[in-house]
Amino acid sequence: MIFVAMMPDIQSDALKQNFSFFPKSWHPENFAEAIRSSKSSYWVALGLTLANVLFSIVLKIFITMFAGYAFSLKNWRGKNIVWALFISLLILPEVALLSGQYYLVVRFNEWMPGIKDNFFGMVFLVAIPFVASIFNALMFRNAFEAIPGRIKEVAMVDGAVGWRYLFKIAIPMVVPTILTVVILTALASWNSYLWPSLISGGEVKYKIMSVWLFEVGRKIIGTEERVQSNIKMAGSIIAILPMFIFYFIFRKKIMGSISRQGSTIKG
């Protein structure tokens, strides 16, 4: 990607007929051209994607953690039936839900005209279908159920019951699960394309990074549209760079949280 991104236009255009690995001359200005080549602004796409990631993380943790905690409690009326219904939703592929999700977006647009032209409106529309994850709720349920019974008994003796037990004892003990959900949600939100592209159809002002990248490197020559490989690769590097930097800064915490998933609550 780096080598192709640095190639001159003539060399990158000839790659299909005459493949070459190293650039004949280095052109770092291709990265600036990638930012300019899209119809939508890179900085707006970056801001919208970051806002989408943060919004998705906060809502998903809030919803799935409380759902997982509720299903980790002792039997309550209808628990097994509701949980079986939730688990059955896991067999549905993402595309099977698109029609219903898109219908809700259309209704939102009727209730609040111009929501797609608003920055926070687009953050809401992009993130809202995916904040209730059955898979993440299952992770939290397993984590809460793995808390030893003796800890719950000691907490009850000390008067830590209900909300006090949840926030002071249970949640701190499932921090590895929380970090895992944060990582998975951040990656999924950053890389999501199908749903954002569906609701960003037409001339929408605000587009997330994956939709912005689809427009990078497209050049109209006469009546034909051509994709410039070097500019496309430069745009791809720009798109993945923030998550790449994030990973290298927090790689020890990321790997540690995944490797300790479900084990740190012992003792």
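**Note on helix packing and aromatic contacts**

1. The charged end of arginine 141 sits over the ring of tryptophan 83, 4.6 Å from the ring centre. The model is a predicted one. A further case of a charge over a ring is lysine 232, which lies over the face of phenylalanine 214 at 6.0 Å from the ring centre.

2. Helix H5 (residues 79–88) packs with helix H8 (residues 134–145) at an angle of about 135°. Their axes are 10 Å apart. The angle makes H5 oblique to H8. H5 contributes Lys79, Trp83, Phe86 and Ile87 to the contact. H8 contributes Ile134, Ala137, Leu138 and Arg141. By class, six of these residues are nonpolar, none polar and two charged.

3. The whole structure holds 17 aromatic pairs. One of them is tyrosine 69 with phenylalanine 144, edge-to-face, at 5.2 Å centre to centre and 75° between the planes. Tyrosine 69 lies in helix H4 (residues 42–72) and phenylalanine 144 in helix H8, so the pair ties together parts 75 residues apart in sequence. Buried or exposed, tyrosine 69 and phenylalanine 144? Both are buried.

4. Phenylalanine 119 and tyrosine 206 also pair edge-to-face, with 5.6 Å between centres and 85° between planes. Phenylalanine 119 is in helix H7 (residues 119–127), and tyrosine 206 is in the loop between helix H12 (194–199) and helix H13 (209–215), so this pair links parts 87 residues apart in sequence. Phenylalanine 119 is partly exposed, at 22% relative accessible area. Tyrosine 206 counts as buried, at 13%.

5. Ring pairs also join Phe3, Phe21, Phe22 and Trp26 into a cluster.

Terms used
Residues numbered from 1 in each chain as written. Predicted model: local features only at pLDDT ≥ 70, side-chain atom pairs only at ≥ 80, totals over all residues. Heavy atoms only, no water. Axes fitted to C-alpha atoms, helices over the stretch in contact; angles between N-to-C directions. Helix = DSSP H or I, 4+ residues; strand = E, 2+ residues; numbered from the N terminus. Parallel < 35°, antiparallel > 145°, perpendicular 65-115°, else oblique. Contact = heavy atoms within 4.5 Å. Nonpolar A, V, L, I, M, F, W, Y, C, P; charged D, E, K, R; others polar. Phe/Tyr/Trp six-rings, centres within 6.5 Å; stacked < 30°, edge-to-face > 60°. Buried < 20%, exposed > 50% of the residue type's maximum accessible area, 1.4 Å probe, protein only. Lys NZ or Arg CZ within 6 Å of the ring centre and 35° of its normal.
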